[in-house]
Each structure stands twice: as C-alpha cells, then as structure tokens.
Amino acid sequence: MWWRSASFILDRQQNDEALRQDTSSTITPPPPTESSMAMGLATDHNPNNISAYYQTRAAHHAVVTSDWLAQAQAATTPHDPPQSTSAADPDKPFSVIDEFNNWRRLPDLAEAVAAIRALAAVIRSSQASTMMQLEIELKKASDSLKAWDTTSISLTAGCDLFMRYVTRTSALEYEDFNSAKSRLIERAEKFGEISHKARKIIAMLSQEFIFDGCTILVHGFSRVVFEVLKLAAQNKKLFRVFCTEGRPDRTGLRLSNELAKLDVPVKIVIDSAVAYTMDEVDMVFVGADGVVESGGIINMMGTYQIALVANSMNKPVYVAAESYKFARLYPLDQKDLAPALRPIDFGVPIPSKVEVERSARDYTPPQYLTLLFTDLGVLTPSVVSDELIQLYL
Amino acid sequence: MDPSRRAPRSAIDPVPKFRQVGFFTPGAPPERSQSGPPDPTHSPPVSDVSPSANSLSPVMIPPPRHLSDNLAIHARPTLASPLRAESLAAGGGGSSFGDFFPAPMSPATQASSSYSSRMAAGEGSFFDRHGVRGDKGNNNGKVASSFPRGGFDLTAMKKVSGGGGGGGSGAGVPASELTTVSVVNDSLAIHEKEKANRGGGSAVEAKDQSTGSKQQKPKTTKAERRALQESQRAAKAAAKAEGNKASGTATSANAKPAKAVKPTPKVDNAAVAASEKKGGDCPPEKDRKKDVPQPRMQYDDKSRVEKAKRRAMVKQTEARNRVELFRHLPQYEHGSQLPDLESKFFHLDPVHPTVYKVGLQYLSGDICGANARCIAMLQAFQEAIKDYRVPPEKTLVRDLTAKIGSYVSFLNECRPISISMGNAIRFLKSRIAKLPLTVSESEAKVSLQSDIERFISEKIILANKVIVKHAVTKIRDGDVLLTYGSSSAVEMILLHAHELGKQFRVVVVDSRPKLRGQILLRRLLEKGLNCEYTHINAVSYIMHEVTRVFLGASSVLSNGTVYSRVGTACVAMVAHEFRVPVIVCCEAYKFHERVQLDSICSNELGDPDIISNVRGREGVNYLDGWANVENLQLLNLIYDATPSDYVSMIVTDYGMVPPTSVPVIVREYGREQVWI
C-alpha cells in the first residue's frame, strides 16, 4: 500500500532523478556541481509521470501524516531543514526549485506560499545591483518554477502574484535598491502569515452559512474547509458532516479522523454514494486547487459530479478558497487543462491492455457553484473574473 | 500596460493583492474602493469630458449635431436669397460668413437684430416646447428639469424687454428690427451678467467686460465684438477649469436652456443670428450641450425625421411597406441613393472627397465588416484632416469638430454607423477637444493624424493579434471548429492555428442574403485548411460533431450581450444546447456600455428586395411587386443580439474573460480608449 509509506514519495523522486541524471540540466547560471546533482531535484522540468502537484497533496493530505514524513525525510536524506536557506551554504549553487521543494515539505504551507518563499530566497541570494536585473532574475526563476511543474495551478498563481508585486512596486518608491530588496523579502515572509490569516477570514465569513442542524457534504481534504468546520464546531454549532471517501488518496478518511477528534458527527460516504445521500444534505462544501477566470474551480477529482448532483437537487455548493488561488486560466471543458496524473492502486493487478484514467482533478464550471468564500469576501463566481482583471491588467 | 494608470495601485502598500474584507479589518481602509471611483488625480479630466463622450451613442443615432452646423442647416431652407444659401452651404456649416456675404446693415443694427432675435427665439422655442409638445411626457419632464435655470433666464430677459416694447414677448413672434437699441443693450447686459454668473470664478472680469462693451455698444465694430467674444471665451475657459466639478444635474439643467435659445427657422434674420452665435457664445453652449447624452433618433418621431431630412445630403425615399415593429428605425428604398450621390460627386459640397468615397462604398456595400468600415472611416478622416485648413476667424477645435460631425452625419446617411465606428468617432472627437489652445494648426493636424494612426494600429490591428494569440490556445488537435459568416478575427485565428500545424477541421456556416461565409471559405481553402460549408438551416444537424464555435461580433454590450450579424444568436443557441463552448472574438474598442435586451430597439434594416428574390432561380418570383401588396412587410434585419447565457467566453485584447466581466473592462478601459 503505497500511501502507507511516506518514504515512497521521496524514494520515488530520487530514483526518477537518478535515472536521468545525465540528461538533467540545472537552471542556475553556474555549472552544476556534484552536490546539486546529488540533490537531484534541479531539473528544468519534472518529467515524472506523477505530477509534483499531486505528490505534495499526497504528502500533505493523505493518511500520511506530517511526522511520518519528517521521519522518512530524516532517514532518507541528510537534508538541511527549510529554514536554513541555501544562501548560507556558499559552495552549493542556489536553485529555486530546491528551495521550493524545501518549503513545500512543510505540511501547513500552501504551495503558492512555498513558491513565494522560494522566490524570496532568490532575491536574498541574488547578486543583482539594480531593480531591473533583479526583475529579470526573478522572472527566470519563476519561469523555471512554473516549467518544473506545469500541472500545479497554485504554484503558477503564486509565482504570478509575486512577480506582479515586484513589477508593480517599482524601485522609484524607495530611495535605494537595498531597501527595496529588503522590502520585497519582508513582503514575501508575510505571505505565509497571509495564507494563514486568509483561512481564518474565510472561516469567519462562512459561519453565517452553517446553521444548526444542517448536514454538510465535504469532498476531499481541504485545509480551508477544515478550518471552517473547526470554527463552526468551536462556535457550538450543531451540524453533521458527510465525508466522501476520496479514492484513491483516501483524503476523506483523514478529514473524518480530524473531525471526529473535534466531536463533530461524521459519516463516511463512498464516492459513488453521493447521489444516494444528496437528499439528506443541506449544503456541499469543497475547497479548490485553483479558481479560474470563469469563476469555476479546479479541484480534486469528483468535485464536478458532486456539483452536478447538488445542482440538480438544488443544494447550494460553497467553495472555500484563498484569493492566491485565483489563476488566469480559462478552461472551456474538462480536457482543456494539463492533467495532473497520479498512481491509482486497485488492489488487484490491472492487465496492461486496460487503460486507467489517472487524472487527479477536474473542472467545475461556474454555473454549478453557488458562492465562493474567499478572503476578499463572499463572492459569486462571476466576480472572480472582475478581481482577476483588476489584479493582472 | 500603462504605468501611469498603474501607479496608484502599486502605492497601496503592504498587501496589494489581498483586500481585507469583513469584520477582520474594520480599521483598514477598504481597498475595494480603489476599483470604484477613479482616483482623484485622474478624475478631473475624466469628469470633464467623459459625459461628452457619452453624447454619441453609436448605432442608429443621428450624428452629434453641433450647434454651428445645426444652425446653418436649420436656417438653410428658410433663406430667401440664393446668395445666402450658397454662402452657408459653401461654408460647410461654419465658415467665413463675411467673405461671401457683406452685411447689408450697419454693425449696430446687425448686433441689435441678432441679439433680439436670439432672445425672441429663445423665448419662442421655450414656449413652443411648453405649449405644443407639452403633452409628451418625455419632453415635459425635460423642460421641467431645466426650468430653474432657463426659467430665471427668460423671465429676467422678459422683464427688460417687456418694458422696452415687447421685442420677444409673444410665443413664436419673430423679433423685428424695430426693437430699440437701448432695450437690446439692457438685455445684452443681463445676458452677459447671467453668463458671468455661470462663469463662476471670473465673474467680475466678465462683468467688467460686459459693462464696458455696453456703453460702446451702438458703435461696436466687428473687431471690438471679436475682442469681446474672445474675452468671454477666455473667462469661460478659466471658469470651466474650476467649475468642472459641478454636478451632473447642474450641467444637464444648463444644457437645456442652451438648446432652447436656438433660433426658430421662421425668424427672418435667423441667418444673421446664426452667424453671430457661431462666433459668439455658441462654444460654451455647445460644450454644455455635449454633456447631455443625445437621445437616439427615433424614426417614428415625425417632426424630428422632418428636421433630419431637411439637412440630409442623401436623398432617401421612404420604403412603402414599413415593418410595423421597426418603425423607429430608418426604412428607406434601396438602390436609388447611389446614382443620385454619384452624380453629386463633382458638386461643391462640404464633404471631403475621401469621406465621400467611403460613404459611397458603404452605400454600395463594397466595404463591410465592422473593422473594415471603421478603418476606412478613420483613414478618410485622416485624409480630410490633412487637407483641412482652419477658416479665418475660426478656431481649429470647434470648426474641426463640427466638420467631423458633418462627415459623420453624411456617413450615417449612407449607412447607419456601427458601435465600433461610434467609439472611434468618440475617440477622435475627444482628441480634438483635448488639443491645447496654444498648439499651431499644422502641429494639431499632425498630432491628430498620428492619433488616428495609433488608434488603428493599437486598438484594431494589435488587438487582433493579441486575440489570435489567446484564442489559438483553445484550439487542439482533432477539433472541429464552427464559424458563422465572415469575421476577420476568426479568420486570423484559424489561419494562425493552421500555421502552427494544428490539425483541425472548419465548418463555415453561412446564410442568405449576403453569403459572406463564401469569402471566408475561399480564403481558408487557399491556405489549405480542411473546410466544410453549410447554410444556417443545417446548423442543428452539423452541431453534434463540432467541438468549438468561434464567432465574431459587431459589438459587445455591457450586459454581455453580443451584438452581431443576424443569425449569430441562432448559432450560439444551438451550440449552447449541444454543450459546445461558444467563443466570441471581439476587440475591446467595440465594447459599449449600453445594455440591450432584444434585437428590436436598435438595429439596422437592409434592403427588403434582396430577400424577396432568390439568386440564380428566376422562376422563384412569387414576391415580385411585393411593395404594392398592402398587407405584406418584408424584414431584412442586419444584426441580432445574443444573450450572454449562450456565450462561454469572450476573447478580447485584454485576455479571455467571461461575458459577465464586460462591464469591468468597459469601466476600467473604456476611458483609456478615449484618452489613450
């Protein structure tokens, strides 16, 4: 059972990298040294079949807990902890992807925030002496980050957001380059708090929508949704939660564990029983990997069909998502985005002739969503695009 | 793109990307307001002219009638002497009057007659409105709203004139030259005072001027009057700078009386008055007039149609069996105008030959398609500006605006201007209005020409490139793309996707009577694309194999409604029903802030004869002579409105947006369009 062992993920990464060590090239301007090769993560792209995005999710949300991960990490690699930046290590060339990977191992850190922290590390280690140079360097770093994992929406969104901030905060506003630089670093540090704060805001905003005696259907494990339910439980609201199983990562199981700890009545529902249970449900609560320009969301596989069922039974579908997940994407249909592939274990061997649909997420069009709870407020899906236009244009 | 626009946003310090909402940050200033009102540093110019930008609603609207040409046109039919008529016509509604027409009377009498007639006219038309049209609710309301200002104005004048012999007391009674000079002076003084009051800050100065001129009045020469006018103008300009912030209601209230002071054509010496006004106080009135959005011309409004007809260049004969539901739209006989206009080509006309040519091309249908029409118009204007000379004793800004206005009205008669053209005209006029007074004639012309050039290249050509770049990402291998009619943007997208080596098939859907799809089909086939051609009747059959629908648009309105070639709504509806994504490609300069719910209230009607007969089948002639059948009305609509529900995405130069975001783009960039 692969999800039982956290080291599986790390092992697999290392194996994959070792295989194509010779073909890999580092993105950093200086030539690759031995140590960075041994690190093995400094490739321009992530040629795994399994998307890196999915690995993060598996590491964070699956039954694998963070302490297992920490143990496995300690056992397999002599990594320096994420807090010590690579700038402290002078003989190793700096790689933004290493940095990003260090950050994203932290279980409570969103991917977008990890990306921003990694970009902040780029600023810190940068030798640039003008704002323009710094901008170019940052652009390169963010491009390589984005190219490294094209499937992750929040990674792309995080990079874009930070670049936006840097380009908008022109050096003119500061008297000299160094203060501008430290300003940017400070700003990036803040992002971590912001993501934490955003969840709190969302939890507060959504309290009014949870009434006593309601039944909430939840799909997958979302930190934001968990925050919402936790706050509702703390506020002594009486409600019960249906958790979908969330095959194959079993993310629903983890959420039900966590909720049971809070003494919230929970029922686990297998993914195919959503329609069966829908008449008991008062509202559907889902998180999102990305909120796209149409106002629709990209989320764990199965969200679309839950939204369809809920819509046909006139149940509200609420989405909890931080605003840094807003992405400038406009998928027209399910196949219109790069699929994030994942391994699926069926328990029995599958003949090689049989194809397996391995995509990890789907796109839910805006007409099936009722409201989006974001740190910008409670929005209808159509407002997302307005926000994005103002943010990016 | 524009750093100056972005500047205020980057100034928001700590968290520019996140707005704090809700009870979490009660103290923090809500960043949301940033998006709402324009920031104060930019607002004055915006509030200054943007209302004027509204004055031209683009489709089916008579061209903005500026007072000068308006007056000339109104005056023309009433003129008895052919000499006068010719002089006015040659002047193009605003040229040197004195050259052609030496004043028959002494300056004093001229002045007196003009002022008194203006006064009389003002009162006359005011009463006229009240009495004759008072029963119409709409007009009534307008008059009432304008009353505070206009009412005071007129009563004050009446008091004076009433004492002096009732120069303008009766409604519609023409003022005669018998009015004594003293009365005229008094009324003039009051007029000046009133104006000075409006002028606000520089009131004292203006009053001084007026009193100074009052004593001199009987013996004023042309030069002196000129000086007086100049000073008034300067005062007004100064006042305008600070008086900008006057509320919208105030300006609209001001604007009405200005209109009411229009001389009635019946007045014998209206021509004199007109010329006087043109030089004198017409500019401020014109400015104020611009603040009020022009009501759209309703062609079932008899009196207005009459008026419009009188100044029309193109002789239109009304169609006989007009479609009842569309009576508010112009319905004319087709085919008769072209030879008529062609014969007029070498006559001395106020319309520049290039504009004339473009007009004829519109009329004959040689130029069609929103972008092509818009570019042709702008290039013609460019030529016209190049050849333009400021007539003596005119200012470039006013005269050129009037000139462009007359061109636009000519083009509008040839074929009703489209929304995109309306936006382009609005842009050009705002550029003219924004020209600094100090700039020389040649510099102004050069800058206007380059502005037009820039509009064409940035808003149309570059925008198309960006649209192509965005839209191509939505074409995948194995797609079947459906398009309707012939859209330049869609054509570029398909060709570019083909150049990129994508494997796809195109279904070109076409419809009678224009069969524009055949042009597109031919161009696509030349480049070696796989195509299929069908008529709109088969669209529901073909739709099930289609994966994407690409449509062009004439305009996108702010409720997301797509205003496009007739039949588009049908295609979009069928695609929606088959769950095929509908992608509308439209440049942002075609966006308009209007909201339209149906295709009836604003549309264009084509030649009904075209749909009555079938090309290539002479035997099908059941509708021959249909015009004589009383109870048959043929309707050949040109545009229709597609509700936003059927549109999945709109591709613009600002990226791919859902139809719900059109108002955001209109709000955020509509101004920039005018202000580039």
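Colleague: Let's start in chain A: does N314(A) count as buried or exposed, and at what relative accessibility?

Modeller: Bear in mind that this is a predicted model. N314(A) is found in the loop between α13 and β7 (317-320) of chain A. The cut-off for exposed is over 50% relative accessible area. N314(A) is past that cut-off, so it counts as exposed, at 70%.

Colleague: What about its backbone: what is the phi of N314(A)?

Modeller: Most residues other than glycine have a negative phi. N314(A) is not a glycine, and yet its phi is positive, about 60°.

Colleague: Which residue in chain B has a positive phi although it is not a glycine?

Modeller: Look in the loop between α17 (370-386) and α18 (396-414) of chain B, where E393(B) is found. With a relative accessible area of 55%, this residue is exposed. The phi there is about 65°, and the residue is E393(B).

Colleague: Back to α13 of chain A: what is the relative accessible area of A310(A)?

Modeller: A310(A) lies in helix α13 (residues 303-312) of chain A. Not counting residues up to four places away in sequence, A310(A) touches M278(A), V284(A), K315(A) and V317(A). Buried means under 20%, so A310(A) is buried, with a relative accessible area of 0%.

Colleague: How far apart in space are A310(A) and M278(A), C-alpha to C-alpha?

Modeller: The two are in contact. In sequence they are 32 residues apart, while in space the C-alpha to C-alpha value is 6.9 Å.

Colleague: How many of the residues of α19(B) are buried?

Modeller: Helix α19 (residues 419-434) of chain B should span 22 Å at 1.5 Å a residue, and its end C-alpha atoms are 22 Å apart, which agrees. The helix is largely enclosed by the rest of the structure, because the buried residues number 14 of the 16.

Colleague: Now β1(A): which of its residues point the other way from C214(A), I216(A) and V218(A)?

Modeller: In a regular strand the side chains alternate between the two faces of the sheet. Strand β1 (residues 214-219) of chain A is mostly covered, with six of its six residues buried. Opposite C214(A), I216(A) and V218(A), the ones pointing the other way are T215(A), L217(A) and H219(A).

Colleague: What is the bridge partner of I216(A) in β4(A)?

Modeller: β1(A) runs parallel to strand β2 (residues 239-244) of chain A, joined by five bridges, and there the partner of I216(A) is V241(A). The chain gets from β1(A) to β2(A) through helix α10 (residues 223-234) of chain A, in a right-handed β-α-β crossover. Four bridges join β1(A) to strand β4 (residues 283-286) of chain A, also parallel. In β4(A), the partner of I216(A) is M283(A).

Colleague: Over in chain B, why do β3 and β11 each have one side left without a neighbour in the sheet?

Modeller: The open sheet has seven strands in the order β3-β2-β1-β4-β7-β10-β11 (chain B), with mixed pairing. β3 (530-535) and β11 (655-657) of chain B stand at the edges, so each has a single partner strand.

Colleague: At about what angle to β4(B) does helix α24 of chain B run?

Modeller: β4 (residues 548-552) of chain B pairs with β1 (residues 479-484) of chain B in the parallel sense over three bridges, and L482(B) stands opposite V549(B). Helix α24 (residues 568-577) lies across β1, β4 and β7 (582-585) of chain B, and its angle to β4(B) is about 160°.

Notes
Residues numbered from 1 in each chain as written. Chains lettered and ligands numbered in written order. Predicted model: local features only at pLDDT ≥ 70, side-chain atom pairs only at ≥ 80, totals over all residues. Heavy atoms only, no water. Pairing = 2+ DSSP bridges. Helix = DSSP H or I, 4+ residues; strand = E, 2+ residues; numbered from the N terminus. Contact = heavy atoms within 4.5 Å. Axes fitted to C-alpha atoms, helices over the stretch in contact; angles between N-to-C directions. Expected span 1.5 Å × (residues − 1). Buried < 20%, exposed > 50% of the residue type's maximum accessible area, 1.4 Å probe, protein only. Right-handed = clockwise from strand over helix to strand, strands pointing away.
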